[in-house]
Amino acid sequence: MTKVRSARIAGFGHGVPRRCVENAEIEQSLGLETGWIERRTGIRTRYWAEEGDTLSGLATEAGAMALDNAGIDRSEVGLMLLATSTPDQLLPPTAPLVAHRLGLEHCGAIDLAGACSGFLYALTLADAFVRTQGRPVLVVAANILSRRINPAERASCVLFADAAGAVVLTPSSDPAVGILGTELCSEGSGYDLISIAAGGSNKPFAPGRAATDYLMTMRDGREVFSRAVEMMSTASQRTLDMAAVDAAAITRFVPHQANVRIFQAVATNLGIGADRTVCSLDRFGNSSAATIPLTLSLDAAARPLREGETLLLAAAGAGLTGAAVVYRA
């Protein structure tokens, strides 16, 4: 039996709802001047779910595309991880339903709630499973944030979108490929910067509770900006150091697509040029954990990964949680 030395990405997938929402629609509803959103965020359009769309449906679409792209038999998959902040229901987890719809009848399936960093946390756990168990893992990140937006809160409603992205990790005997370094971090002091206050066990549903308590709020956009830049920059540099990779060797920097100014600042801190920074934010907005696998899938379809390429993935979000991964194709 061949010894598993690493896990490589063998397939990519993504899915978005049909409804494309342009900035003009949101700017008009908020009374903003034309071009305000793009100037401050870099977003031009995003996709929002329509009636009948479900989180499990988006996740299944992305997962099916990744499995087909990987070209592996679905009976081989040993685990499916679903990174989401917007499951179909609070209970049960959505992952078993997605696995069932994908025909993954002989694998584990569980949700992970890691906010914007959720995909990188799931990717790290998937890498460990592949190395120890020698079986492929499907990682899906998906969110329907449009149903959690407070339409009156400008700071958040201009950003968020709905999407799903997925990758398939498969065993490899080559230790020079796969994840070379990972940094996971958290800062609970920023716990309330981005939140949905009600709906959990601390503030459960109550008839008299204000409907806005069940919607997303961003308490301090400037602090979110500065702390996200710091967290992504620090995590990325630590990961590069751990992997013994210089930033100059990174061929594609794929950051969480939160706000163009955030990841431009991170890229500048690391010395990574715009020509190596991959962006989908302008077309697809911020879908939290889904942005990195969505961007990877879109970019790989346009420019297939070449053997030996080195990627840096980085994210920060609610919690606060952060992560960075160095991956070699």
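In what order do the five strands of the open sheet stand, and what is the sense of their pairing? The order is β1-β7-β6-β4-β5, and the pairing is mixed. The edges are held by β1 (6-15) and β5 (108-112); each has a single partner strand, so one side of each is left without a neighbour in the sheet. On average, neighbouring strands of this sheet are turned by 20 degrees against each other, direction ignored.

The model is predicted, so that local features require pLDDT of at least 70 and side-chain atom pairs count only at pLDDT 80 or more, whereas totals for chains, interfaces and linings use all residues. Residues are numbered from 1 along each chain as its sequence is written, and side-chain values use heavy atoms, with hydrogens and water left out.

Helices (H or I, at least four residues) and strands (E, at least two) are DSSP runs, numbered from the N terminus. Two strands pair if DSSP finds at least two bridges between them.

**Sheet and covering helices**

Strand β4 (residues 79-83) pairs with β5 in the parallel sense over five bridges. Within this part of the sheet, Leu79 stands opposite Gly108 in β5.

Helix α3 (residues 55-70) lies across β1, β4, β6 (137-144) and β7 (162-172), and runs at about 130 degrees to β1. Helix α10 (residues 291-302) lies across β1, β6 and β7, at about 90 degrees to β1. Contact here means heavy atoms within 4.5 Å. Axes are lines fitted to C-alpha atoms, for helices over the stretch in contact, and angles run from 0 to 180 degrees between N-to-C directions.

**Salt bridges**

The structure holds 15 salt bridges, each defined as a side-chain nitrogen of Lys or Arg within 4 Å of a carboxyl oxygen of Asp or Glu. Three of them are listed below.

| Glu187 | Arg227 | 3.0 Å |

Salt bridges that share partners join Arg252, Asp299, Arg303, Arg306 and Glu309 into one network. Asp299 is buried at 14% relative accessibility, and Arg252 is buried at 2%. Buried means under 20% relative accessible area, exposed over 50%, and partly exposed in between (1.4 Å probe, protein chains only).

The link between Glu187 and Arg227 joins distant parts of the chain, from the loop between β8 (178-186) and β9 (194-195) to helix α7 (residues 221-243), 40 residues apart. Glu223 and Arg227 are four residues apart in helix α7 and therefore separated by about one helical turn. Arg227 is buried, with a relative accessible area of 15%, while Glu187 is partly exposed at 27% and Glu223 is partly exposed at 26%.

**Helix α5**

The 16 residues of helix α5 (residues 118-133) should span 22 Å at 1.5 Å a residue, and the end C-alpha atoms are 22 Å apart, which agrees. The expected span is 1.5 Å times one less than the number of residues. Among the buried residues of α5 are Phe119, Leu120, Leu123, Asp127 and Val130. Gly134 follows α5 and has a positive phi, near 70 degrees.
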